[in-house]
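Reader: I would like to learn how to read a few features of a model. Please take them one at a time.

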Amino acid sequence: MRLSLFIFFILFALSGSFGQRVCGTLKYETSMFNKEFHSNQSNTQSRDTLPDEIISIPVVFHVLYNNAIQNISDAQILSQLQVLNEDYSRLNADASNTPNVFKPFAADVRIKFCIARADALGRPTNGIIRKHTNNVSYNIDDAMKSSVAGGDDAWDCNSYLNIWVCNLAGHNLGYATQPGDPADKDGIVIQFDALGKIGNLQPDFNKGRTATHEIGHWLGLKHIWGDSDCGNDGIYDTPQQSSYNNNCPSFPHMSSCSPNSNGDMFMNFMDYTNDACMNLFTTGQKNKIRSLFALNGPRNSFLNSSACDSVTESAGSVPANSTPAIPSEVSLSIYPNPIDHDLNIVALNGYELKGKSISIYNLTGSLIYKSTGLAAVNKINLSFLTSGVYLLKIGNNAEKKVFKIIKL
Ligand SMILES: [Zn+2]
């Protein structure tokens, strides 16, 4: 073989090819971490998930653009949220394309994604940050997650799902961190022309399923083939398959380790098929995802996040460079939650509640209760509240903290 032809084949093999899904998550995990994981867990005492409770995930988008085309529209970004809310609720229009033999396994994960309406200090936001960058493209090395490196720093991963949108090198469509990865890296990265379902998108990846897939990783799911030949994804109801599927196979598609004549579940969101061919998570995947939100689970803190609720904006905006009076590492214990009778609010790490306002709002923003903190330990009788979800606000303006509480 002539040398130039040989080099061409080598380069082709290294670069991958257009038209195939390339997810960088496995490569990222193996190259970036020695699995010396840090805990993302909040110090705030929390509660367990309620049966089939809809879990809300506030989302912040960090759009890093080098040219106008990469600076995608708000409408394109919001179309991604719509896709996520359909796919994680089994409300996707193409759910009907799930083969009948697999339909009994399909699940409504009962997770809702909402655009962040307040930042970590309670200031109003539209949940979309835009920054020009001199980086023409990014490798899967987290540079987009660092303001110093020409990206944008993560928001608190105990309360927000960070989604970075940028131009990824090497045909990667996206990659994700997994539960337990370092907090300042936590989130997903999506190629700008594979995000959402409107705008100038790659034809095979134009229905927002790249983010559905990467958030699956962020929520603890593995690729359906277990990332090895006839591997194990740890999910009981996804059939074993020899490897990933590209493009759009026709059903049934058998592989060497198919357990029965149904073959591969290539339409699962955690395979590599085109956007138009993916349409389900299974009950096993749902259970795995929801286990992360249980008490002591790595994503449990999201049960407290109120970043999507407009009531947190009620204090108005504060200067962008103001320093919060309550340091972000301060933790408050709020228990029990759900509440039967008394609610206890205890400050840890020496932070005094004395003199701070304690307010409780309902979800329409009406003030239900107000008092002033008396000491480090506050016990509030809430037996007068009707059953439901409320927001507990401690402090005012830039120093406030907001928690979601449930009255039984
Ligand atoms: Zn993947």
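Reader: Are Phe-293 and Phe-302 buried or exposed?

Author: Buried means under 20% relative accessible area, exposed over 50%, and partly exposed in between, with a 1.4 Å probe and protein chains only. Both Phe-293 and Phe-302 are buried. This is a predicted model, in which local features need pLDDT of at least 70 and side-chain atom pairs count only at pLDDT 80 or more, while totals for chains, interfaces and linings use all residues. Residues are numbered from 1 along each chain as its sequence is written, and side-chain values use heavy atoms, with hydrogens and water left out.

Reader: How many aromatic pairs does the structure hold?

Author: Rings of Phe, Tyr and Trp (its six-membered ring) pair if their centres lie within 6.5 Å; planes under 30 degrees apart count as stacked, over 60 as edge-to-face and the rest as tilted. The structure holds 12 such pairs. In one of them, Phe-269 and Phe-281, the ring centres are 4.7 Å apart and the planes at 55°, so this pair is tilted. Phe-269 is buried at 0% relative accessibility, and Phe-281 at 1%. For Phe-293 and Phe-302 the centres are 6.4 Å apart and the planes stand at 70°, so that pair is edge-to-face.

Reader: Which residues do ring pairs link into a cluster?

Author: The cluster consists of Tyr-88, Phe-113, Phe-269 and Phe-281.

Reader: Which residues coordinate the zinc ion?

Author: Donors are N, O and S atoms within 2.8 Å of the metal (3.2 Å for Na, K and Ca); water is not among the atoms, so sites may look incomplete. Here Cys-23 (SG), His-213 (NE2), His-217 (NE2) and His-223 (NE2) coordinate the zinc ion at 2.0 to 2.2 Å. Their spacing along the chain is C-x189-H-x3-H-x5-H.

Reader: Why is the arrangement around the zinc ion tetrahedral?

Author: Four donors count as tetrahedral if all angles lie between 85 and 135 degrees. The four donor atoms of the zinc ion subtend angles of 96 to 120°, which makes the arrangement tetrahedral.

Reader: Which residues of helix 2 are buried?

Author: Helices (H or I, at least four residues) and strands (E, at least two) are DSSP runs, numbered from the N terminus. In helix 2 (residues 25-32), Thr-25, Tyr-28 and Glu-29 are buried. Seen down the helix axis, the buried residues of helix 2 fall within an arc of 95°, so they line one face; the arc is that of the directions from the axis to the C-beta atoms. The face turned away from the buried side carries the exposed residues Lys-27, Thr-30 and Ser-31.

Definitions and conventions. Four donors count as tetrahedral if all angles lie between 85 and 135 degrees; four count as square planar and six as octahedral if opposite donors are over 155 degrees apart and all others between 65 and 115; anything else is irregular.
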